[in-house]
Amino acid sequence: MRVALFVTCVNDALYPRTGVATVRLLERLGVTVEFPAAQSCCGQPAYNTGYRHETEPLVRRFDRAFRAYEYVVTPSGSCAAMVRDAYPRLGAKAAAEGRGTELAEAAARAAPRTYELTEFLVDVLGVTDVGAYFPHTVTYHPTCHGLRALGLGDRPRRLLAHVRGLELRELDGAEECCGFGGTFAVKNPDVSAAMGADKARAVEATGADAVCALDNSCLAHIGGTLARRGSRVRPVHLAEILAATEEEPYT
């Protein structure tokens with residue numbers, strides 16, 4: 001099976017080890033992973049800030065970059081949700097404004113082939129035990145886009161349950177937003193920081209060594225809050241946990 005990796009801006013610029021972990025994991029499972037160099041931002045920051053028309057060229061670019069692939073896999077719930085949920089709405093709005101169906105057609109090609117990593121593993125590859133080894137206590141924060149927009153449900157937890165050596169600690173108020181929300185954190189910094197503090201306290205209360213999630217943007221917010229509190233809990237993307245083995249441990 002051949003797939004395209006949509007690494008996302010945040011991972012490419014700030015957390016490249018998550019992209020590397022995703023490739024290692026998929027290749028270990030027998031998947032051929034390619035990286036289309038023409039990929040760029042999915043447009044989520046602009047779209048969430050209200051710049052709908054400025055987002056449209058990025059829909060077209062995504063379609064061109066990934067059109068040759070049956071599956072596009074991304075280690076980000078929020079960016080997967082942008083493609084799956086927002087792209088069709090952008091296309092429908094453009095058509096309703098009398099600007100043709102070209103954008104809607106691009107969205108219709110891109111949306112159904114784009115998968116967040118855990119749903120690709122569980123739904124397409126049909127695996128929950130990926131041969132991972134992570135001998136630490138971990139708590140899991142289900143990020144908003146994965147939980148609400150994509151409806152990932154228990155897929156991430158099912159994968160974590162099969163990681164050897166891992167002890168999963170329950171997170172109180174797990175389904176509450178961490179407060180990041182992309183540009184929300186910039187526009188509403190006080191509210192964002194207060195929500196982040198609530199999440200950090202809940203994470204620390206688990207006594208876990210690490211907090212994992214599907215989005216590094218959320219982990220940056222939670223991790224930054226934890227660091228300012230002097231916490232020993234480290235943020236780790238789920239892909240990095242799943243990629244770790246006894247032969248190639250997480251470091």
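How much of the chain over residues 138-222 is helix, and how much is strand? In this predicted model, that stretch comes out at 49% helix and 12% strand. Its end C-alpha atoms sit 14 Å apart. Here's a quick tour of that stretch, its partner in the annotation, and a four-stranded sheet.

**The annotated stretches**
- The unreviewed UniProt entry carries the annotation "domain: Cysteine-rich", and it covers residues 3-83 and 138-222.
- Over residues 3-83, the chain is 56% helix and 11% strand.
- The end C-alpha atoms of residues 3-83 are 16 Å apart.

**The sheet**
- Four strands make up an open sheet, lined up in the order E2-E1-E3-E4, and the pairing is parallel.
- At the edges you'll find strand E2 (32-34) and strand E4 (114-116), each of which pairs on one side only.
- On average, neighbouring strands of this sheet are turned by 35° against each other, direction ignored.

**Where E3 meets E4**
- Strand E3 (residues 72-74) runs parallel to E4, and three bridges join the two.
- If you want a spot to look at, Val-73 stands opposite Tyr-115 in E4.

**Helices against the strands**
- Helix H2 (residues 16-28) packs on the sheet, where it touches strand E1 (2-5), E2 and E3.
- The direction of H2 makes about 170° with that of E1.
- Helix H7 (residues 117-124) lies across E1, E3 and E4.
- H7 runs at about 100° to E4.

Terms used
Residues numbered from 1 in each chain as written. Predicted model: local features only at pLDDT ≥ 70, side-chain atom pairs only at ≥ 80, totals over all residues. Heavy atoms only, no water. UniProt positions renumbered as here; feature names shortened; annotations may be inferred. Pairing = 2+ DSSP bridges. Axes fitted to C-alpha atoms, helices over the stretch in contact; angles between N-to-C directions. Contact = heavy atoms within 4.5 Å.
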